[in-house]
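Colleague: Can you walk me through this model? I have a few questions about it.

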Amino acid sequence: MNRAAGTPSANSVSQLRRVLVIDANAASAKMLAELLRSLIPNCQVFGAHTEERALRMVQTADPQIIFVEYKSGELDGLAFTRFLRRSELAVREAPVVVVTAEATAAAITGARDAGVHEFLRRPYNMGDLKKRLDAIVLRPRDWIEAVSYVGPDRRRFNSADYKGPRKRRTEGASPQAQRIGQAIKIIQSAAGALDSDRKQAMRALRAQIKLLCELTAGGGSLKALQTVSLSLGAYLHQAGDEPSKEQLETFVTQLLDAAPDEAQSRAA
């Protein structure tokens, strides 16, 4: 979908009103909460020390941003994030910041691939915290609804702590062509996952068809792609949750044929 990933309804950090801190360590949770209240005077900071309580809190507190410890007691911050992203909860797209002293490349890429927005390395100060909040509020990222990944666009993972070889760089294609190519690639992947993960495959299919229709709305050179995208959308509406894998594969071929050359290379 061509929209920001769980962007809080604010255009500055000062307008944030609800933040959830998930940490089994009471002392570290209290320190983060105090910094947040100092940085955002009118913000309510809610706390949870277990995943079970955190899941209750996300439903009642409706947090705009969630901070979760990477590992704390029995709490697994990445597992929580992956569950949240694939859930039916209203806040499934809320920005998530993982907090840890374990700032290894493996930890950072693991957080990125779980659907995390930001990575806050301990020890941190007020400036570090504000930098992460600014990245979320002022530089929103597109939301990616795929089968194997659900979360903000990983190509724009903003962690200032990691600049290694596994940090992805922007491809040469235009942003529009990148999104078109990625959408077609996800549709192809979702068609192949209907038997193994139908719920997320259908969610991904509907999201990517909606995105393609938005991207091709102007017609012009994308008129053919727009026509196929609309036809695929109509077919999915008619088929409900039982689309034919063979029919979807036919649509993928038609989408690729109608897509611009630079988008085709992105979808390959």
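Predicted model: local features only at pLDDT ≥ 70, side-chain atom pairs only at ≥ 80, totals over all residues.

Colleague: How many helices and strands are in the chain?
Modeller: Ten helices and nine strands. These are DSSP runs numbered from the N terminus, helices being H or I with at least four residues and strands E with at least two.

Colleague: What share of the residues counts as buried?
Modeller: Of 268 residues, 52% are buried. Buried is under 20% relative accessible area, exposed is over 50% and partly exposed is in between, with a 1.4 Å probe and protein chains only.

Colleague: Next topic: at what angle do H3 and H4 pack?
Modeller: About 15 degrees, with the axes of H3 (residues 77–85) and H4 (residues 105–114) 9 Å apart. The axes are lines fitted to C-alpha atoms over the stretch in contact, and angles between N-to-C directions run from 0 to 180 degrees. That makes the pair roughly parallel, a label for angles under 35 degrees, with over 145 roughly antiparallel, 65 to 115 roughly perpendicular and the rest oblique.

Colleague: Which residues make the contact?
Modeller: From H3, Leu-78, Thr-81, Arg-82 and Arg-85; from H4, Gly-110, Ala-111 and Ala-114. Contact means heavy atoms within 4.5 Å.

Colleague: Where is Thr-216, and is it buried or exposed?
Modeller: Thr-216 is in the loop between H7 (198–215) and H8 (223–239). It counts as buried because its relative accessibility is 1%. Leaving out residues up to four places away in sequence, Thr-216 touches Leu-222, Leu-225 and Gln-226.

Colleague: And which residues does the cis peptide bond join?
Modeller: Arg-122 and Pro-123, with omega about 5 degrees. Pro-123 lies in the loop between strand E7 (118–121) and helix H5 (126–138). Most peptide bonds are trans.

Colleague: Last one: what is phi of Asp-62 near?
Modeller: Near 50 degrees, a positive value in a residue other than glycine. Most residues other than glycine have a negative phi. Asp-62 is in the loop between H2 (51–60) and E3 (65–69), and at 38% relative accessibility it counts as partly exposed.

Notes:
Residues numbered from 1 in each chain as written. Heavy atoms only, no water.
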